[in-house]
Amino acid sequence: MKKVMVVTNDSMVGESLSRVLRALENKVILVDHNSALSSFLIEEPEVTFILEYSEIGDKLEDYNIGRQTYQDIINSATEEQRIIRCGVEDYSYPDYLKMPFVLDDIKKFLV
């Protein structure tokens, strides 16, 4: 069982993703962007999904607040921790997951 953190300001999406991750036998911590870094440092999750990631517009806009959260967390992560950014645009980063995603997309980051 892995400890997985989901970071999002959208409680409906967060709860849905959390249910899927729990069904895959993970311990899930659901947090918003404001408390993401402190929760990450305290909980030390093995995998972290950061939603609302975008490189369009201002970093602090609601739809892409994940860019700043990603920077904060990636700078604090160890090599063993997997940080996955999630959003709706097309990016070719190996740690990026385009939404909406299917179960196999999620599973590959939990291995």
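Is Glu44 buried or exposed? The model is a predicted one, and in it Glu44 is exposed, with a relative accessible area of 57%. Glu44 sits in the loop between helix H2 (36–43) and strand S3. Its backbone deserves a look as well: the phi of Glu44 is positive, about 50°, although the residue is not a glycine. Most residues other than glycine have a negative phi.

Glu25 follows helix H1 and belongs to the loop between H1 and S2. The phi of Glu25 is near 65°, which is a positive value in a residue other than glycine. Glu25 is exposed, and its relative accessible area is 58%.

A further backbone feature is found at Pro100. Most peptide bonds are trans. The bond from Met99 to Pro100, however, is cis, with omega near -5°. Pro100 is in the loop between strand S5 (96–98) and H4.

Now turn to helix H1, which runs over residues 11–23. At the start of the helix, a side-chain oxygen of Asp10 comes to within 3.1 Å of the backbone nitrogen of Met12.

Which residues of H1 are buried? They are Gly14, Leu17, Ser18 and Leu21. These residues cover an arc of only 105° around the axis, and therefore they lie on the same side of H1. The face of H1 turned away from the buried side carries Met12, Arg19 and Ala23, which are exposed.

What do the buried residues of H1 pack against? Their partners are strand S1 (3–7), strand S2 (27–31), strand S3 (47–50) and helix H4 (103–107). Leu21 gives a detailed example. Leaving out residues up to four places away in sequence, Leu21 touches Val4, Val6, Asn26, Val28, Phe49, Ile106 and Leu110.

In soluble globular proteins, nonpolar side chains tend to be buried together. The largest nonpolar core here has 16 residues, and those that touch the most other members are Leu17, Leu21, Phe49, Cys86, Leu97 and Ile106. Two or more residues of this core come from each of S1, H1, S3 and strand S4 (82–87). Another core, of 12 residues, lies apart from it; among its members are Val31, Tyr53, Tyr70 and Ile73.

Strand S4 brings the last part of the picture. S4 is mostly covered, since five of its six residues are buried. S3 and S4 pair in the parallel sense over four bridges, and the bridge partner of Val47 in S4 is Arg82. S4 also pairs with S5 in the parallel sense, over three bridges. Here the bridge partner of Cys86 in S5 is Leu97.

Notes
Residues numbered from 1 in each chain as written. Predicted model: local features only at pLDDT ≥ 70, side-chain atom pairs only at ≥ 80, totals over all residues. Heavy atoms only, no water. Expected span 1.5 Å × (residues − 1). Buried < 20%, exposed > 50% of the residue type's maximum accessible area, 1.4 Å probe, protein only. Arc of directions from axis to C-beta. Contact = heavy atoms within 4.5 Å. Polar contact = N/O pair within 3.5 Å; in protein donor to acceptor, adjacent residues only side chain to side chain. Core = buried A, V, L, I, M, F, W, Y, C linked by side-chain atoms within 4.5 Å. Pairing = 2+ DSSP bridges.
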